[in-house]
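Please keep the sequence and the model open while reading.

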Amino acid sequence: MTLLDVENLWVKFPTRQGVFDAVRGVSFTLGRERLGIVGESGSGKSMTGRAILRLIRPPGIVEADHIRLGDRNLLDLSERDMRAVRGQQISMVMQDPKFSLNPVMSIGEQLIEAYRLANKSGRKEARQASLEALESVSIRDPGRVMAAYPHEMSGGMGQRIMIAMMLIPSPQILIADEPTSALDVSVQRQVLSIMDDLVTSRGMGLIFISHDLNLVADFCDRVLIMYAGRVVEVCRADRLHEAQHPYTRGLLNSLPRLNEPREKLEVLRRDPAWSTAPSVSGRA
Ligand SMILES: Nc1ncnc2c1ncn2[C@@H]1O[C@H](COP(=O)(O)OP(=O)(O)OP(=O)(O)O)[C@@H](O)[C@H]1O
Ligand SMILES: [Mg+2]
């Protein structure tokens, strides 16, 4: 079942030198699955995620044939309706969690507010649910964390708090942008297993943005590989290591491997044709 259908998405930034296209004609569908987006820095992964939620700051422009969620095209919604979508149907964990938390509000207040918005509940119930949300991402002293402010948290703690916050409304779709990059391996596993559970038991759709090809190969179902704003290849995650596109091969070959120590890691050789070929469709 398709939850989200994105057709011909573009993100454009007007600059003094002309228009810079950060995302160029990307199309894909998302079902009740874990869809990975990989690619080098600057390839357009975050802009793709943010564009879906219309979170591109001006003067950036989002264009698409459609971004369909159920029977609605998100591009047709008012800003007010879009806020409701963000609060209830699609959540996003941003790459830098510190910028998404409000610096002058305690973490507890922010969680309680998020819960009350989503559930129209009283404070007491919201507080209890917030404590449980923090526990669910392995925060051991949730009471202390509730009273703290964002700047008092480490990067890894900030990521966990964001994940807890995003899960409060029980979204249909979660867009997670490098959600575990600041976490230790053991906490990373816990966070992945929480997201995994939401996909398999609650039928959520997950867009998982990451640099880490090995992690995506293990954790996701399908993968879109991006280069210079386009999708250059789409494959099943468990086949990622057999991917064919020379860019994907290059990314894979530049990964260090424990069982095959090498003197030097390969440097990616780029073919100008990669950036002119049309984006590959990621429709399932
Ligand atoms: N406000 C802006 N004005 C102009 N260009 C921008 C702006 N914001 C982002 N870009 C450009 O858009 C491109 C895509 O950026 P994006 O953040 O999506 O990359 P990414 O794949 O998420 O990279 P990373 O792995 O480093 O997070 C980059 O080349 C970036 O420089
Ligand atoms: Mg990014």
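Two residues are in contact when heavy atoms of theirs lie within 4.5 Å. The model is predicted: local features need pLDDT of at least 70 and side-chain atom pairs count only at pLDDT 80 or more, while totals for chains, interfaces and linings use all residues. Residues are numbered from 1 along each chain as its sequence is written, chains are lettered from A and ligands numbered from 1 in the order in which they are written, and side-chain values use heavy atoms, with hydrogens and water left out.

Setting aside neighbours within four places in sequence, Glu33 is in contact with Val199, Met204, Gly205, Leu206, Asp221 and Arg222. Glu33 sits in the loop between E2 and strand E3 (34-38); helices (H or I, at least four residues) and strands (E, at least two) are DSSP runs, numbered from the N terminus. Glu33 has a relative accessible area of 11% and is therefore buried; buried means under 20%, exposed over 50%, and partly exposed in between, with a 1.4 Å probe and protein chains only. The side chains of Glu33 and Arg222 make a polar contact at 3.0 Å. A polar contact is a pair of N or O atoms within 3.5 Å; within protein, one must be able to donate a hydrogen and the other to accept it, and residues adjacent in sequence count only if both atoms are side-chain atoms.

Ser46 counts as buried because its relative accessibility is 17%, whereas Gln95, at 38%, counts as partly exposed.

Ser46 also approaches ligand 1: a polar atom of its side chain lies 2.8 Å from an oxygen atom of that ligand. For Lys45, a polar side-chain atom likewise lies 2.8 Å from an oxygen atom of ligand 1. In the side chain of His211, an N or O atom is 3.3 Å from an oxygen atom of ligand 1. On its own, ligand 1 has 640 Å² of accessible area, of which the protein covers 66% (Shrake-Rupley method, 1.4 Å probe). Strand E2 (18-30) and H1 are the elements that give two or more residues to the shell around ligand 1, and H1 gives the most, with three residues.
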